[in-house]
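This report goes through a model in the order of its open spaces, its ligand site and a few local details. Please keep the sequence and the structure at hand while reading.

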Amino acid sequence: MNKGGGMKKMKYVLVTGGVVSGLGKGVTASSIGVLLKACGLRVTSIKIDPYLNTDAGTMSPFEHGEVYVLDDGGEVDLDLGNYERFLDIKLTRDNNITTGKIYQAVIDKERRGDYLGKTVQVVPHITDAIQEWIERVAMIPVDEQPGPADVCVIELGGTIGDIESMPFTEALGQFSYRVGAGNFCLIHVSLVPVLSAVGEQKSKPTQHSVRGLRSLGLTPNILACRSTLALEENVKQKLSQFCHVPAENIITLYDVPNIWHLPSLLRDQKAHGAILGALNLLGFVNVAREPNLKEWTSRAESCDMLLEPVRIAIVGKYTGLSDSYLSLLKALLHASVSLRKKLVVDWVPASDIEDETAKENPDAYKAAWKLLQGADGVLVPGGFGDRGVEGKILAAKYARENRIPFLGICLGMQIAVIEFARSILGLQDANSTEFDPDTTSPCVIFMPEGSKTHFGGTMRLGSRRTYFQVMDCKSAKLYGNRGFVDERHRHRYEVNPDMVSTLEDAGLSFAGKDETGQRMEIVELPNHPYYIGTQFHPEFKSRPGKPSALFLGLIAAACGQLDSLLHAHKIPNGMAKKVSLYQNGNATKFAKIPADGIYSNCNGVHA
Ligand code: GLN
């Protein structure tokens with residue numbers, strides 16, 4: 001964009017939500033980012049979460065969805081995962097603002113005496129801190145290019161009018177005034193419900209929420225209305241009149257078969273023209289040339305067309321709530337779409353396959369085992385706490401003995417090692433000291449990176465390097481025969497280095513270790529079709545079009561295609577061929593296909 005020379009003023013797009021929560025604001029904001037990127041702009045993003053927690057690290061995935069982990073070790077809201085995946089960028093922990101972080105910064109300043117003599121107040125001290133934070137973080141480069149991005153997309157979590165978000169709305173109102181018209185564009189995501197009795201699209205809830213927005217000093221430039229079908233012309237007119245937004249700036253986000261359709265849905269309604277207009281960028285970006293979303297469109301369409309299923313059993317604790325394993329599901333999806341397979345996820349509650357359930361709830365036990373036995377591949381994800389651990393161990397045993405492709409992530413790797421020690425080494429009470437501090441065979445132990453006596457902050461978090469110890473192994477080949485890989489971590493416990501040689505002598509291969517050789521990062525069973533465990537979480541770096549290597553390996557093995565994948569020595573780009581069914585762009589008819597193209601045995605389908 002900087003062809004004009006000297007022009008380097010950050011432009012801001014704020015995305016707010018009205019009427020109800022769960023409108024898919026995060027995915028909409030990410031798609032807006034994709035569209036602007038397709039216009040040739042460099043995009044960064046900030047997510048504001050008005051809760052009091054300083055970060056998402058302490059929040060239960062059951063309540064709030066997964067904790068997403070960044071390269072710098074930040075434990076953040078899962079929406080940052082959407083931004084990273086959609087925009088293919090790397091964010092920092094500061095790109096997630098919470099009420100807790102802001103108050104902590106202000107209180108620390110007060111304790112240092114920086115406000116000496118002053119009464120410290122929400123306005124102006126908290127609101128100033130919010131604005132300073134946004135301006136500072138927007139400048140951090142996130143796309144591996146030098147210098148700051150052109151546009152920063154800010155998503156305000158929650159719904160307009162929430163008590164919690166008041167300091168943020170006040171700060172953003174001041175901010176929009178300060179950066180000035182032409183540098184700030186507000187997109188309000190709202191809902192236009194259709195009452196089934198009359199079949200009419202209702203504009204009143206949106207009118208009310210825009211009124212709320214205005215009363216807080218924020219003026220929307222664009223309305224993005226969630227509705228099952230495209231907005232009728234008269235409804236648009238009415239919204240335009242009552243909300244003071246030009247009709248051409250009213251976009252319908254109607255239901256689409258999967259979220260990858262969203263960027264082109266926005267483009268087809270000329271959302272980019274409206275945004276660039278509000279940001280005074282029409283002179284810098286050639287809007288006559290349609291933003292190029294070819295890759296997104298063909299991937300979205302081919303995802304809808306997949307027929308041949310691949311069944312993956314996820315044996316975990318939070319089954320039934322897909323947001324708890326969002327990145328994992330995305331990584332599985334990226335891999336299966338690239339191999340042109342329809343992903344079917346079978347959620348297996350880990351505790352249901354335990355012997356105890358056979359007595360207490362035989363039906364649940366039978367159902368869980370049936371799902372596990374019907375799977376083409378088994379995935380045991382990360383987790384904390386001992387609930388379901390024995391069930392996960394049974395799942396690993398089942399996959400090992402029956403030569404079913406298996407991927408264990410973090411806790412999933414640890415339980416695979418425990419299972420091996422119990423079954424092959426005959427160490428009956430082998431365990432992790434996390435679950436049995438008194439075990440006589442501690443295969444997995446607490447290994448903090450820092451001090452053992454220091455309480456708190458003992459989690460090993462963020463990007464760490466894994467060096468391959470063996471090159472002739474599946475994981476090294478899948479990673480493209482590189483000497484090392486950088487992946488993200490979130491754990492405290494690790495394979496006990498004192499037991500490594502015994503485990504290796506019995507046939508387990510520690511194919512990847514850290515730079516000291518003391519921390520086991522990748523474990524493999526060489527004589528199994530696909531049995532891999534990783535101490536890191538490869539799911540956080542999987543991207544649409546760039547599936548994570550070990551997920552790709554799992555799906556390929558589950559479909560009997562691993563050999564050809566390994567021989568090809570090249571990760572195939574399964575999205576290359578464009579399918580032409582929806583060429584006229586009318587996707588509304590296909591709304592029955594689950595959002596995101598993931599078919600599963602629960603309805604935890606997310607936007
Ligand atoms: N609870 C295990 C640990 O702390 C595994 C963590 C995880 O799976 N993310 O090491």
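## The largest pocket

The lining of the largest pocket is made up of 14 nonpolar, five polar and 14 charged residues, where Ala, Val, Leu, Ile, Met, Phe, Trp, Tyr, Cys and Pro count as nonpolar, Asp, Glu, Lys and Arg as charged, and the others, Gly among them, as polar. The model is a predicted one, in which local features need pLDDT of at least 70 and side-chain atom pairs count only at pLDDT 80 or more, whereas totals for chains, interfaces and linings use all residues. Residues are numbered from 1 along each chain as its sequence is written, and side-chain values use heavy atoms, with hydrogens and water left out.

The space in this largest pocket comes to about 800 Å³. Of the 33 residues that line the largest pocket, D88, R482, K541, R543 and K546 are the closest to its centre. Two or more lining residues come from each of α17 (474–478), β19 and α20 (562–568), and β19 gives the largest share, three residues. Helices (H or I, at least four residues) and strands (E, at least two) are DSSP runs, numbered from the N terminus. A pocket is found on a 1 Å grid over the protein atoms alone, as an open set of points with protein on both sides within 12 Å along at least five of seven lines, while a cavity is a set of points where a 1.4 Å probe fits but cannot get out; lining residues have an atom within 4 Å of a point. Grid points are joined across faces, edges and corners, and a volume is the space filled by probe spheres set on the points.

## The enclosed cavities

Two cavities of 30 Å³ or more are counted, and the second largest cavity has a volume of about 50 Å³. The residues that line the second largest cavity are T28, I32, I187, I222, A224, I251, L266, A271 and I275, with α1, β10 (222–227) and α10 (271–278) each giving two or more residues. That lining divides into eight nonpolar residues, one polar residue and no charged residue.

## The ligand site

A backbone N or O atom of L411 lies 3.0 Å from a ligand oxygen, an N or O atom in the side chain of Q414 lies 3.1 Å from a ligand oxygen, and a polar backbone atom of Y493 lies 2.8 Å from a ligand oxygen. Taken alone the ligand exposes 300 Å², of which the protein buries 98%.

## Local details

The whole structure holds ten aromatic pairs, which are rings of Phe, Tyr and Trp (its six-membered ring) with centres within 6.5 Å, counted as stacked when the planes are under 30 degrees apart, as edge-to-face when over 60 and otherwise as tilted. The rings of Y12 and F175 have centres 4.8 Å apart and planes at 75°, so this pair is edge-to-face.

The peptide bond from V123 to P124 is cis, with omega near 10°, and P124 is found in helix α5 (residues 122–138).

How values were computed: Polar contact = N/O pair within 3.5 Å; in protein donor to acceptor, adjacent residues only side chain to side chain. Areas by Shrake-Rupley, 256 points an atom, 1.4 Å probe, with all protein chains shown as cover.
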